[in-house]
Amino acid sequence: MKERKILMRATEIPTVYDPHAVEEKWYQYWLDNGFFTPEIDPKKQPFTIVIPPPNVTGALHMGHALDNTIQDVLIRYHRMKGDPTLWLPGTDHAGIATQARVEAELAKEGLSRWDLGRQKFLDRVWEWKHQYGGKIITQLQRLGASCDFTRERFTMDEGCSKAVREVFVSLYERGLIYQGNYIVNWCPHCHTAISDIEVEHEDTAGHLWYVRYPIAGQKGYITIATTRPETILGDTAVAVNPHDERYKDLVGQEAILPVVGRKLPIIADHYVDPAFGTGAVKITPSHDPNDFEIGQRHGLDQVTVIGQDGKMTKEAGKYAGLDRYECRKQLVAELDAGGYLVKIEDLAHAVGHCSRCGTVIEPLLSKQWFVKMQPLAEPALKAVQEGRIKFVPERFTKIYCQWLENIRDWCISRQLWWGHRIPVWYCSDCGAQMASREDLSTCTACGSANIEQDPDVLDTWFSSALWPFSTLGWPEETEDLKYFYPTSVLVTGRDIIFFWVARMIFMALAFMDDVPFKEVFIHGLVLDAEGRKMSKSLGNGIDPLEVIDKYGADTLRFMLITGSVPGYDLRFQWERVEATRNFANKVWNVARLALINLEDFNPSGVDTSTLEFTLADRWIRSRFTAVRNQVVEFIDSYDLGSAATALYDFIWDEFCDWYVELAKLRLYGDDSQARKTAQYVLWDVLERTLRLLHPFMPFITEEIWQHLPHEGESIMTAPYPEAIGTRDEDAERRFALIQEVVRGIRNARADMEVPPSRKSRVLVQAGPEAIAIIQEGSPYIMSLAWASEVVTGPITTEKPQQAVSFITSGVEVYLPLAELVDMDKEVARVKKEIAAMEAEVKRSERMLSNKGFLAKAPAEVVEKEREKEAGYRDKLARLKERLNRLQGNE
């Protein structure tokens, strides 16, 4: 085997692990040495991730912690594998959220943005961004995120802004961006249109109002049902299904709009569901997207009765100026008084709310900018269907495809000041409309200086959709763009597949002629312990920094990863945090023990061919190889939770609880050659295991590794550990038998409540091969199972008397009772326990046969007593069995 070049000897570490003393030190060391910044190497295939840019206004929440821990595990793993690895960080300008934050600050000063004017307001936003906007990046660093901060980007920096202009104008020139009057989702609180996927539909307890509309020129009525009676004032038709026999004679006639008196045509349209309500529906083209489409088909008028402030317009007549819900209340009362209100039914239905502020969305007719989606969606759909982009888990492919197959045009204009202002100018003299990559000062058609830029800004997701290539320098052909694009994988939550993932894909295909990433890894949400989504309203959010302050970043990271399953939500539980903290302490303590025993050991130049490896050595080296290969397989398939769990089990159970305990026999012994072998294996497996664990727990592994004999400047730039040769299945099989015997002895002693200080012989009967294994492992059995001697022999019909016994894998094991307990005292003690337990059984029997108790006691009390009786009977049976064993009756 090739010798390993080692740079230093072992040094001790403190008794207790203090993450706060470690994390800041090593993170600064990594930054100072430029370990996060990759070099372009044309001979190697890079591994690239662009961070889902958090809002510049944001603070780290548990979803960010999970998302970025997953990315950091992948990044550190590929960096150690020798791939030129780029994790590109940045933040999003977050139009609505940031503007709202600054407006709230202004309100404290008694000012509004209108008092300042557009430019001064934007100056204030930039000031706020420079002062507070980097908070979340600092918080990501506390998590251990190994991003290349020399390449940090912002969606409104100069380069990204240039990319946005280029894309907008190019799409405009291709006829894929247009202006039109359409129904948009309007937030009266945020004072802007929002896209369909920014609307959160919440189940709401509402009502269905049935209202009679008189038929013009007749005595009859047609009754409609509506969930929004305030929009009745904007009705311009009544519609029925053309196949609805109930209304066929009314189609073509007119109805009279109650209260208002306006005549409405009664039309037939296939959209109407005959089974909903009465089968007749009111049509309000200005306040419902489906009604708008019906209105377009039938050439209906558009009457806007609700304004952008959520109040009734002058078109609402005497209700003008009222809040929409106050209007509803008063109008329903007037309809009732006039005899038009037939009935009101309770109805649970989904109501759209603004995802930003929670205000109920108002569908309004508005002039907005849109992107034609069909020409862009088709290539994006094809890229996934052809396998050029793979979703993990695969089930999200179907969700993505269904959305693109039913996509509507994307409303991209927002009535805000903070954001990418729409690069379109209007000439007041000749009426020209001009989209330009550069700011204009004169009309390109007539030369007039009397031009004005569109006041709206672009949807935040427009610039985010360009993130994979704009951050690498596009539209310039930079070295970064040529080398690191397309990126390797996008890691994101399932909640923004439509917001972001799909848009990045169609924009990349349109402007890079290539996919933006090869794989999309979708993880779930972090829920509270009860399975609820964390939110301010529930007050159940957990601040990741609180966890880091108390337990350290590694504990938070490892807890989140071990709890994650691709595509599924995970629950945050403080008990799991505590358990992970205990694991970190276990790693620290075993490393401390190792370092104390490695102070006189120099692995440099050790020739492993001269070492005599014991069965335990061969076993742990083989188990490392198995786990190392398993971890690689799991990470490569994005099953990071299983990878971390495999590491946890190996470190805690196999390495710490078995191998290290057995290595102590030689570490503390007199045989110098045996001690040297144990030292080598202990160091070799621990050092490799630390490198295996590093992507998950970077800080504690760096601290320990720096105290071990090691090679290189940092564990994060050390090579990913190789397997220690091939699996030694013979050693694993032989050691597994010894483990079974040791566990069996420990369980038997525990049942007898025998203290570790009391040793006994272990008598083993087995076949020749098993006997050879037991004899080889007898020192392990004596050490770990408190045996005074291991006596082996063939299986015979004569079995040891008065002994505890068990059989495992064909091996019969006997423990002489007289060596485990004082027989006379133990017999007396067990008889006393039997008498006490018999009394408890009789007491419970009497209670459960008492009809008065059964009739009056609560059901749960009766059930609890039955459980007690069953427990008493079980314990009594075990005590009697034990007495028989003690008296030699078995």
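Is M534 buried or exposed? In this predicted model, M534 is buried, with a relative accessible area of 18%, which falls under the 20% cut-off for that class. M534 is found in the loop between β24 (526-527) and α16 (544-551), and although M534 and G63 are 471 residues apart in sequence, their C-alpha atoms are 9.4 Å apart in space.

T85 is another buried residue, with a relative accessible area of 2%, and its place is in strand β2 (residues 85-88). The side chain of T85 has two backbone contacts to look at: one reaches the backbone oxygen of D83 at 2.6 Å, and another reaches the backbone nitrogen of R79 at 3.3 Å.

Rolling a probe the size of a water molecule over the atoms shows where empty space is left. The second largest pocket has a volume of about 1200 Å³, and 43 residues line it, with T227, R228, D288, H349 and A350 lying nearest its centre. Several elements give two or more residues to this lining, among them the strands β5 (177-187), β8 (221-226) and β13 (341-354) and the helices α8 (289-298) and α9 (324-337), while β7 gives the most, with eight residues. Sorted by class, the lining of the second largest pocket has 19 nonpolar, 13 polar and eleven charged residues.

Next comes a helix. Helix α21, which covers residues 672-693, has 22 residues and reaches 31 Å from its first C-alpha to its last, close to the 32 Å expected at 1.5 Å a residue. The N-terminal end of α21 is capped by D671, which has a side-chain oxygen 3.1 Å from the backbone nitrogen of Q673. Helix α21 is also mostly covered, since 18 of its 22 residues are buried.

A pair of aromatic rings is described by the distance of the centres and the angle of the planes. The count comes to 41 aromatic pairs. The rings of F558 and F696 have centres 6.4 Å apart and planes at 85°, so this pair is edge-to-face. It links distant parts of the chain, with F558 in helix α17 (residues 553-562) and F696 in the loop between α21 and α22 (698-707), 138 residues apart; both F558 and F696 are buried. The rings of W658 and F735 are edge-to-face as well, because their centres lie 6.1 Å apart and their planes stand at 80°. W658 lies in helix α20 (residues 640-667) and F735 in helix α23 (residues 729-751), so the pair ties together parts that are 77 residues apart in sequence, and W658 and F735 are both buried. Elsewhere, ring pairs link F168, Y172, W369, W410, F462 and F506 into a cluster.

The backbone deserves a final look. Most residues other than glycine have a negative phi, and most peptide bonds are trans. Another cis peptide bond joins W474 and P475, with omega about 15°. V259, which is not a glycine, has a positive phi of about 70°, and V259 is partly exposed, with a relative accessible area of 31%. E753, also not a glycine, has a positive phi of about 60°, and at 60% relative accessibility E753 counts as exposed.

Terms used: Residues are numbered from 1 along each chain as its sequence is written. Side-chain values use heavy atoms; hydrogens and water are left out. On a 1 Å grid over the protein atoms alone, a cavity is a set of points where a 1.4 Å probe fits but cannot get out, and a pocket is an open set with protein on both sides within 12 Å along at least five of seven lines; lining residues have an atom within 4 Å of a point. Grid points are joined across faces, edges and corners, and a volume is the space filled by probe spheres set on the points. Helices (H or I, at least four residues) and strands (E, at least two) are DSSP runs, numbered from the N terminus. Ala, Val, Leu, Ile, Met, Phe, Trp, Tyr, Cys and Pro count as nonpolar, Asp, Glu, Lys and Arg as charged, and the others, Gly among them, as polar. The expected span of a helix is 1.5 Å times one less than its number of residues. Buried means under 20% relative accessible area, exposed over 50%, partly exposed in between (1.4 Å probe, protein chains only). A polar contact is a pair of N or O atoms within 3.5 Å; within protein, one must be able to donate a hydrogen and the other to accept it, and residues adjacent in sequence count only if both atoms are side-chain atoms. Rings of Phe, Tyr and Trp (its six-membered ring) pair if their centres lie within 6.5 Å; planes under 30 degrees apart count as stacked, over 60 as edge-to-face and the rest as tilted.
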